[in-house]
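Thanks for making time this morning.

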Amino acid sequence: AGCGAVGLDTPAGQTGEMLTSAVPLPAPYRVPLPIPAVARPTGTLGGADLYEITQRTADVEIIPGLRTTIWGYDGTFPGPTFETWSGRPVVVRHTNRLPVPTVVHLHGGHTPSDSDGWPLDLVLPVGDTSNWAHVHNGVPMVGNTIAGTREHHYPMSQRAATLWYHDHRMDFTAPNVYRGLAGMHLVRDDVEDALGLPAGDHELPLFVCDRAFAADGSFDYPSLDRTLRTVPGVEDRYMSGVLGDVVLVNGAPWPVHEVDGTRYRLRIVNGSNARRYSFALRVPGGPDLPFTQVGSDGGLLAAPVRQTALDAAPGERFDVVVDFAAVPVGTEVTMVNTLGTGSTADVVRFHVVRAARDDSRVPARLADDVAPLVPGPVVREFAFGRGAVGDTRGWTINGHAFDPNSSLADIPLGQVETWRFRSDVHHPVHVHLDPFQVLARDGKPPRPTDVGWKDTVDVLPAEIVDVAVRFTDLAGRYVFHCHNLEHEDMAMMATIRTV
Ligand code: C2O
Ligand code: CU
């Protein structure tokens, strides 16, 4: 590319620089699929369910026989899965026992601004008195920094959906998430509950991300404690993104899971820093097993959609039902990544071990609240591309590097607008606060997997994607940004205000 970046930008939209692990990679499909613990409330606070999470380091075994120090919510990676109920408010009290400031964002949450995880609302480590004030090119950056503990108030005034939570500290989101600060958050409601979709141990969270490992088992990352933009040699090499050669599902390398010959509901999150996947279900000697998409980022679709491949960019979620009764008992069904090569073509395997009775259903009609948004006359264009960030280089939106001190756009609540995203290379664009709908790609109908309420859209190289955006009722300061986390840390983020 013109600016000298050596990272890979393929027409298929895989953007990033691949790191190769310095340890022998384990054979795939040997480690059992872990299921993250479900977070439990510790009490109530002002009528809300109170959860308390400690961000801390832990030593875990990811590559068999090796020790990896993670930074995790409650010391786990992924963090505990929240299961909350639509309309039932939640307070999450996060205490930071890590060595650096952190910020927590609930991705997909309809969250008041002061709980959203503004990138400069730092929580300092417990007992840390050093000055972490953020100065960028001589300008102090504004945030509400507090010591030790922050309470996030989540009204959960939103429909059932697959959300996730992760670190969002300005300039350091990518290394913090890479070290493990991410987990899932499932919102449930009566509508979904009444459908009869597969549930219990027939509903599997699948948090997918890639990592590379250094010889001592630690996560390998080009810069863990300085912003990528400021490390000589690193900024060019990794500005397109960091890719690992190990695919983790729920924190385990290429795991395997024994399943009944019944329907399963898979709640898939692409939690990778930069890696895109195209997921398909391989069956030995047969055609790929189709699956039924029932939901996207923002929850249930109006009606199920049959899919055979799912293109998933960082930040996107897919809620799908797979019927393992379609293959004989004994079959190994492998979820592969057709965009991957070598070790990154493998993801997770399902071994169908027994026939079983199936009481689940996928009704032909899922939800009534996915009517198309009808945009008014306002069209805003946002161009995602390389650009100057102070006196270094990075990524910009409309030529602007992230500026927490000024709003790129003030958006009236209740107004349906068209936002037009233009990209140079691949950028998965994520908008905080409220979901949107994809209207068009290069003026043509969107992809089959763009259906439903989305909050992250996979914008391919040189593509123009139109989405219909509407913020409903919460006024405040928010961000939208590229969810390639290296791009985000290299300033591809914008402040907006809902007014
Ligand atoms: Cu998943 Cu602004 O983030
Ligand atoms: Cu990007």
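Predicted model: local features only at pLDDT ≥ 70, side-chain atom pairs only at ≥ 80, totals over all residues.

The chain exposes about 17400 Å², and carbon and sulfur atoms supply 53% of that area. Of the 499 residues in the chain, 60% are buried, and the C-alpha trace spans about 65 × 55 × 50 Å along its principal axes. A compact globule of 499 residues would have a radius of gyration near 23 Å, and because the chain has 21 Å, the two agree.

As for secondary structure, the chain has 38 strands and 4 helices. Among contacts between residues at least 6 apart in sequence, 78% join residues at least 24 apart.

Moving inside, the largest nonpolar core has 90 residues, and those with the most contacts within it include Leu-266, Met-335, Trp-419 and Phe-480. Strand 16, residues 203-211, contributes the largest share of this core, namely 5 residues. Apart from it lies another core, of 19 residues, with Tyr-73 and Leu-181 among them. Coming back to Met-335, and leaving aside residues up to four places away in sequence, its contacts include Tyr-29, Leu-206, Phe-279 and Val-348.

Which residues coordinate the copper ion, ligand 2? They are His-427 through ND1, Cys-482 through SG and His-487 through ND1, at 2.0 Å, and along the chain these donors follow the spacing H-x54-C-x4-H. His-427 sits in strand 33, residues 427-431, whereas His-487 belongs to helix 4, residues 485-489, so that this pair, 60 residues apart, links distant parts of the chain. Both of these histidines, His-427 and His-487, are buried.

Key: Residues numbered from 1 in each chain as written. Chains lettered and ligands numbered in written order. Heavy atoms only, no water. Core = buried A, V, L, I, M, F, W, Y, C linked by side-chain atoms within 4.5 Å. Buried < 20%, exposed > 50% of the residue type's maximum accessible area, 1.4 Å probe, protein only. Helix = DSSP H or I, 4+ residues; strand = E, 2+ residues; numbered from the N terminus. Contact = heavy atoms within 4.5 Å. Donors = N, O, S within 2.8 Å, 3.2 Å for Na, K, Ca; no water. Rg over C-alpha atoms; globule rule 2.2 N^0.38 Å. Areas by Shrake-Rupley, 256 points an atom, 1.4 Å probe, with all protein chains shown as cover.
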